[in-house]
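Please look over the sequence and the model shown here before reading the notes below.

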Amino acid sequence: MESTFRGRIGVTYKDSEPDWPTPAARGDRPNVLVILLDDTGFGNLGCYGSVIDTPNMDALATDGLRYNNFHVTPLCSPTRASVLTGRNHHAVGISTVTVFGDNGFPNQRCRVTRHAAMLGEMLGEEGFATFALGKWHVNPKDHCSAAGPHDEWPLQRGFHRFYGFLPGATDQFNPELTYDNHPALPPKSAEQGYHLTEDLVDHAIEFVNDLNAVRPETPFFMYFATGAMHYPHQAPKAYIDKYRGRFDEGWDVFRQRYYERQIELGIIPPGTRLPPSNPGVKPWDELGENEQKFVCRLQETWAGFLDHTDAQIGRLIEHLRAIGQLDNTLVILTADNGTSQNGGPYGVMNAGPSGRRNATKSGQTLGATLGRSEPEEDFDAIQERLEDIGGPKSNGDIPWGWSQVGNTPLRWYKQNTHGGGIHVPMIVRYPPGIGDPGSIRDQFHYATDIAPTILEVVDVEPRASYGGYHQMPIAGTSFAYTFGDGDCATEKPVQYFEMMGNRGLWFDGWKAVTKHEYDDDYGSEKWELYHLDQDFSESNNLADSEPDRLRRMIELWWVEAGRNGVLPLDDRFGTGRPATGSQPVRFVPPMAHVPRAQSPVLRGNWSLTADIEILDEETEGVIYAQGSFLDGISFFVQRGALGFAHTTLGEATVGRSETTLPHGRITVGVEIERGNDDSGTVSLVTGGQRVASISIQDISRMSKMRGVDVGRDPLATVTDLYRAPFEFTGVIHSVELHRSDED
């Protein structure tokens, strides 16, 4: 019997007194909408100095506040953990991106501890409807498939509905989607006009409408995290074409232009210096003509992608306005970190996970597993493919020069604890609490401060326990006090930063920071010191003139590191448990798409055996597909014969058997034999007999071929020989993959 029952129970209802629970009432509680952009640096929005059109985000700023001193962690998973919990990312178990795996220590478990409830859990307990859309990226990388475990998926962390993607990035035209607790396919194809951001907004609007149709008295909390502006940079062609030729003057000109606009807008203080270019960024006039054309096309795509994202955010905002909910909604828009350095010095048309570390000692540490380690493009040969950039057949990322422009006037990039990695735009719109819309706030605040701000505005006191787990204290400081007072001092006491050995500390308007190189001795690295209250862009290093202050700041960093579980410092690009060997994998359809992180790694020699039935001469379709148009393999039946396609960086090698398959139940297979170099031989087998042999010049990228489908190829098809999904029209009883242990 429930312990809170306040009525009286007799023998029958006639001699009993009922007691009905009081439903949660909205009262004066507003809705909450948090919009989290990906890889969007301080200077990227129009109202922060950019020349890219962002009218809808700019309108939020006109109706609300722009913050010019807001900071986050240098990478996506940690920022998301901090935003959703109000605690520091090491303390909750997300020291770096979850793709790097569990390092065996409490600060990197790739999951947010249950002792740190998320906003979905906290607000859901108070009667809010809670929605998450878009990028999640705070669960272990190997927990993203239909098989689970699902315990760290959004619905298990307090959100009532979810539509988006679980890992750190996905194709914008052919995404690996999850709907609530199950995988989903896009509702239409790229050829039919599909784009992920539009789909996310469609579902966001649907979620709100579903709520209002039945429970209009219920406030909602929506966490809307776009895939934009993370690579792959992909957008509808009209948005990319809009920016043709707009960046031909080059990144040196545009960095200066952004800086001047920022001064004019007042988003950076007068007297702010524009630092020299980051090491590795070539002066624009040292690039060749074709190189300039290539990198301009990458930036045109980036701009079109942001413009399109802004338009979709505008659709969501206008819908809230149309249903009379916008002015009763606290809107917070920010980014998870600065503009990325993953495209390298020249950018890339097709970025992808490398599985290899790519660390340098030339002033950059490139997170290859965060982006790429592909060779420099052939700028002459690629001119014929410029029109593909930004479309379904590209997977592009911008070079350092344009990333530096996006971070204007700050130094370095995503991953670094200097301003370019952690200092991002933030816009707040809340008419009931803001008396001077259009103003700028300069108080220092941080990612952990969003949750306590929301809790204060909606008048929720966090509970001591959620789900039976005692809660660690919320570390953040609400910035709701800034809504009505633009001149007050910050109430934030101190904030540390750390990412893969890069460290920093803000305290009382000063910042100490050091840039770490992979495997260097931490004790020998030089710290820098900046008086941020007077040096917005970290241009005047005072380490030599203020040694005592720097020493105290470093000592305070160690104190904060100890309090927040930062140690041990770990600069490895991923660890995880030791491999358990290459066991056979058996697939039995029907089954869902196997996401990238869970799909088997293809290395060395391997073979595939399929038990199928050919029903008649019309039987065709994909038996097994792994990867995509960029890097992938497909084993299929077409025109009665076995076929095999191997694609590397978009270039396909295709082979077929000359004999048609017999009708009935048969065993067919593929055998891969690696040569002494990177070449390989593919044999197609029917009933134990080799029926075709295909020579492939380079099979070294097979380990990059991730994401599996059995009986179809529904997303970014491996080959153009067929159109998605090219479902198998016979019967597949099973497909078995055998791999050797050699690399």
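## Confidence of the model

This is a predicted model, and the mean pLDDT of the protein chain is 93, with 95% of its residues reaching 70 or more. Over residues 353–374, however, pLDDT stays under 50, and for this stretch the model has 76 contacts beyond four places in sequence.

Four strands, in the order E16-E17-E18-E19, make up an open sheet whose pairing is antiparallel. Strand E16 (495–499) and strand E19 (528–531) each have a single partner strand and stand at the edges, so one side of each is left without a neighbour in the sheet. On average, and with direction ignored, neighbouring strands of this sheet are turned by 15 degrees against each other.

Strand E18 (residues 510–514) runs antiparallel to E19 and is joined to it by four bridges; Val513 stands opposite Glu528 in E19. Helix H12 (residues 547–563) lies across E16, strand E17 (502–507), E18 and E19, and runs at about 105 degrees to E17.

## The five-stranded sheet

A further open sheet has five strands, in the order E25-E24-E23-E22-E29, and its pairing is likewise antiparallel. Its edge strands are strand E25 (651–656) and strand E29 (708–710), each of which pairs on one side only, while the twist from one strand to the next averages 10 degrees.

Three bridges join strand E22 (residues 621–627) to E29, the two running antiparallel, and Ala625 stands opposite Asp709 in E29.

Notes:
Residues are numbered from 1 along each chain as its sequence is written. This is a predicted model: local features need pLDDT of at least 70, side-chain atom pairs count only at pLDDT 80 or more; totals for chains, interfaces and linings use all residues. Side-chain values use heavy atoms; hydrogens and water are left out. Two strands pair if DSSP finds at least two bridges between them. Axes are lines fitted to C-alpha atoms, for helices over the stretch in contact, and angles run from 0 to 180 degrees between N-to-C directions. Contact means heavy atoms within 4.5 Å. pLDDT is the predictor's confidence in each residue, from 0 to 100.
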